Amino acid sequence: PSNHIAARVSCGEAHTLILTSSGVLFGMGDNSKGQLGVGTVTASYYPAVVASLAPVTLGQTSAGRFHSTATSTDGKLFAWGDNACGQLGLGRVGGVSTTAASVSVG
């Protein structure tokens with residue numbers, strides 16, 4: 001991404017997340033289950049901003065097979081992508097989340 005400095009990279013099966021030093025998150029690659037978090041299930045062959053997390057200062061990300069997670073610097077957890085087994089922690093099983101959803105912990 002132009003004008004951004006990559007600070008962390010997370011690799012899933014066929015998608016990649018890039019967290020910049022300023023806390024902006026980009027996703028690229030396969031998006032068949034919404035794992036990029038960009039609001040669609042269309043693949044992105046260039047880094048695309050995860051706009052649903054733009055107002056959040058992120059500290060860490062993780063990319064799974066078809067889902068992704070991120071934590072904010074103030075400890076909030078977000079998840080998106082495939083939820084076939086309840087792996088997003090949203091209190092239900094099934095479906096996909098194409099944008100980041102806040103997850104309650106505890």
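## Close-up views of a predicted model

**View 1. Asp82 faces a partner across two strands.** The model shown here is predicted. Strand β7 is joined to strand β8 (residues 96–103) by five bridges, and the two run antiparallel. Strand β7 also has the highest mean pLDDT among the elements of the chain, 98, while β5 has the lowest, 95. For the chain, the average pLDDT is 95, and 98% of the residues score at least 70.

**View 2. Strand β7 also pairs with β6.** Here five bridges join β7 to strand β6 (residues 67–72), again in an antiparallel run. To find your way, look for His67, whose bridge partner in β7 is Gly81. Four residues lie between the strands of this hairpin, and Gly75 takes a positive phi near 90° there. Because five of the six residues of β7 (residues 77–82) are buried, this strand is largely enclosed by the rest of the structure.

**View 3. Eleven residues form the largest nonpolar core.** Among the members are Leu17, Leu19, Leu25, Leu58, Phe78, Trp80 and Ala100. The elements giving two or more residues to this core are β2 (15–20), β5 (58–63) and β7. In soluble globular proteins, nonpolar side chains tend to be buried together. Zooming in on Leu19, you can follow contacts with residues beyond four places in sequence, including Ile5, Val24, Leu25, Leu58 and Thr61.

**View 4. Four strands make an open sheet.** The strand order is β1-β2-β3-β4, and the pairing is antiparallel. Strands β1 (6–11) and β4 stand at the edges with a single partner strand each, so one side of each is left without a neighbour in the sheet. On average, neighbouring strands of this sheet are turned by 20° against each other, direction ignored.

**View 5. Asn31 sits in a loop between two strands.** The loop in question runs between β3 (25–29) and β4 (44–49). Is Asn31 buried or exposed? Asn31 counts as buried because its relative accessibility is 0%. A polar atom of the Asn31 side chain lies 2.8 Å from the backbone oxygen of Thr40. Leaving out residues up to four places away in sequence, Asn31 touches Leu36, Gly37, Val38, Thr40, Val41, Thr42 and Ala43.

How values were computed:
Residues numbered from 1 in each chain as written. Predicted model: local features only at pLDDT ≥ 70, side-chain atom pairs only at ≥ 80, totals over all residues. Heavy atoms only, no water. Buried < 20%, exposed > 50% of the residue type's maximum accessible area, 1.4 Å probe, protein only. Pairing = 2+ DSSP bridges. Core = buried A, V, L, I, M, F, W, Y, C linked by side-chain atoms within 4.5 Å. Contact = heavy atoms within 4.5 Å. Polar contact = N/O pair within 3.5 Å; in protein donor to acceptor, adjacent residues only side chain to side chain. pLDDT = per-residue confidence, 0-100. Axes fitted to C-alpha atoms, helices over the stretch in contact; angles between N-to-C directions.
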